[in-house]
Amino acid sequence: MNKPKVVVTRKWPVAVENQLKARFDVQLNETDQPMSVEALKHAMQTADALLPTVTDAISADVMNVAARQVQFIGNFGVGYNNIDINAAQQQGLVVTNTPHVLTDCTADIAMLLLLMSARRAAEAERLLLSGNWTGWGPTQLMGQKVTGKTLGLIGFGRIAQAMAKKAHHGFGMKILFYVPSEPDSAIVEDLQAVRCQSLDELLSEAHFVSVHCPGGAATRHLINEQRLQLMRPSAHLINTARGDVVDSNALIKALKAGWIAGAGLDVYEGEPQINPEFLSLNNITLLPHIGSASEETRIAMGERVVSNLVAYFDGHEPADRVV
Ligand code: DGY
């Protein structure tokens, strides 16, 4: 029997590419150049499975090609707002993602951004690198203490809970969260966490606010000008979820006007384009979407895609099926 044909849209860790080669007829992307819409459409017509990632827009237009052959889309990423899920469902496509394996690494990056923003670490490093540091000073680069402060989590899924554990058990932080559905009471108890009745309540109380809800139409610009004005002037906003949850122009206004003290971002509206005004601000820490970028995690993400793919072609239900 012929091996199923699989197209991988970006360069993956070699160890996982080798696993794919052993089981499938694979087209890899050695150059790591994102595929054009035309190339994605061609893959839809010529392969049995497409393995995209969060940088590939798998729109209805890409899926609606004539004589589509792809039946399975295995997204390399836990977030799948790059895929038009309604269109995939209508088309009868099976879509999977990669939950669990990136939880801790992404929570680590959220904690890193929180600490960097609180302690003005990016600004401090820029001072040192500029050659203008003249030595220690009693009032130099004073930031905010983290230990014992209040962390407000927007969303309370796996990554938010992992961050809450690190913040509560490691830094003695009080945990507030806002989520529409009732979470597991054992976790809430372990963290002595408090569920806020509204997002506005969380924003006005927390010293640090970290975004952990999915992106997409329902949460676009959830953090807008009006909500940023509810935050404490000493507060910091952290976003490792999806860029479009935060209105970038409103955030820039808030950072310039001092409505909040700082922000730490790993994700951006319209990335990889970055609002150029972010680059001229001192009270911001910017990372290039590296939440899951550890060797262990990226291999584990690839392996998760492979096991979903194998399950699908062996006639089983893939563990991480989204639709
Ligand atoms: C995801 O998986 O959704 C991240 O944004 C990329 O690791």
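Is Asp-320 buried or exposed? In this predicted model, Asp-320 is buried, with a relative accessible area of 7%. That value counts as buried because the cut-off is under 20% relative accessible area. Asp-320 forms a salt bridge with Arg-304. The closest N and O atoms of this pair are 2.7 Å apart. The pair links distant parts of the chain, 16 residues apart. Arg-304 belongs to helix α12, whereas Asp-320 lies in the segment after α12, a helix that spans residues 295-313. Arg-304 counts as partly exposed, at 23% relative accessibility.

Side chains of opposite charge can pair when their charged atoms come close. The structure holds 15 salt bridges. One of them joins Arg-227 to Asp-200, with a distance of 3.0 Å between the closest N and O atoms. This pair also links distant parts of the chain. Arg-227 sits in helix α10 (residues 225-228), and Asp-200 sits in helix α9 (residues 199-205). Arg-227 is partly exposed, with a relative accessible area of 23%. Asp-200 is partly exposed as well, at 30% relative accessibility.

Another salt bridge connects Glu-269 and Arg-220. Here the closest N and O atoms are 3.8 Å apart. The two residues are 49 residues apart and link distant parts of the chain. Glu-269 lies in the loop between β11 (262-265) and β12 (284-286). Arg-220 lies in the loop between β9 (208-211) and α10. Glu-269 counts as partly exposed, with 24% relative accessibility. Elsewhere, Lys-11, Glu-17 and Glu-30 are linked in a network of salt bridges.

Glu-269 has a further partner in His-221. A polar contact of 2.6 Å joins the side chains of these two residues. His-221 is placed in the loop between β9 and α10. Leaving aside residues up to four places away in sequence, His-221 touches Asp-244, Val-245, Val-246, Asp-247 and Glu-269.

The ligand was examined next. The residues around the ligand are Val-54, Gly-77, Val-78, Gly-79, Leu-102, Arg-242, His-289, Ser-292 and Met-301. By class, this shell divides into four nonpolar residues, four polar and one charged. For Arg-242, the distance from a side-chain N or O atom to an oxygen atom of the ligand is 2.7 Å. Gly-79 contributes through its backbone, with an N or O atom 2.8 Å from a ligand oxygen. On its own, the ligand has 230 Å² of accessible area, and the protein covers 89% of this.

The peptide bond from Glu-271 to Pro-272 is cis, with omega near 15°. Pro-272 is located in the loop between β11 and β12. Asp-32 has a positive phi, near 65°, in a residue other than glycine. Its place is in the loop between β2 (25-27) and α2 (37-46). Asp-32 is partly exposed, with a relative accessible area of 29%. Phi of His-100 is positive too, near 70°. His-100 is found in the loop between β5 (94-96) and α5 (103-118). At 46% relative accessibility, His-100 counts as partly exposed.

Definitions and conventions:
Residues numbered from 1 in each chain as written. Predicted model: local features only at pLDDT ≥ 70, side-chain atom pairs only at ≥ 80, totals over all residues. Heavy atoms only, no water. Salt bridge = Lys/Arg side-chain N within 4 Å of Asp/Glu carboxyl O. Helix = DSSP H or I, 4+ residues; strand = E, 2+ residues; numbered from the N terminus. Buried < 20%, exposed > 50% of the residue type's maximum accessible area, 1.4 Å probe, protein only. Near = heavy atom within 4 Å. Polar contact = N/O pair within 3.5 Å; in protein donor to acceptor, adjacent residues only side chain to side chain. Areas by Shrake-Rupley, 256 points an atom, 1.4 Å probe, with all protein chains shown as cover. Nonpolar A, V, L, I, M, F, W, Y, C, P; charged D, E, K, R; others polar. Contact = heavy atoms within 4.5 Å.
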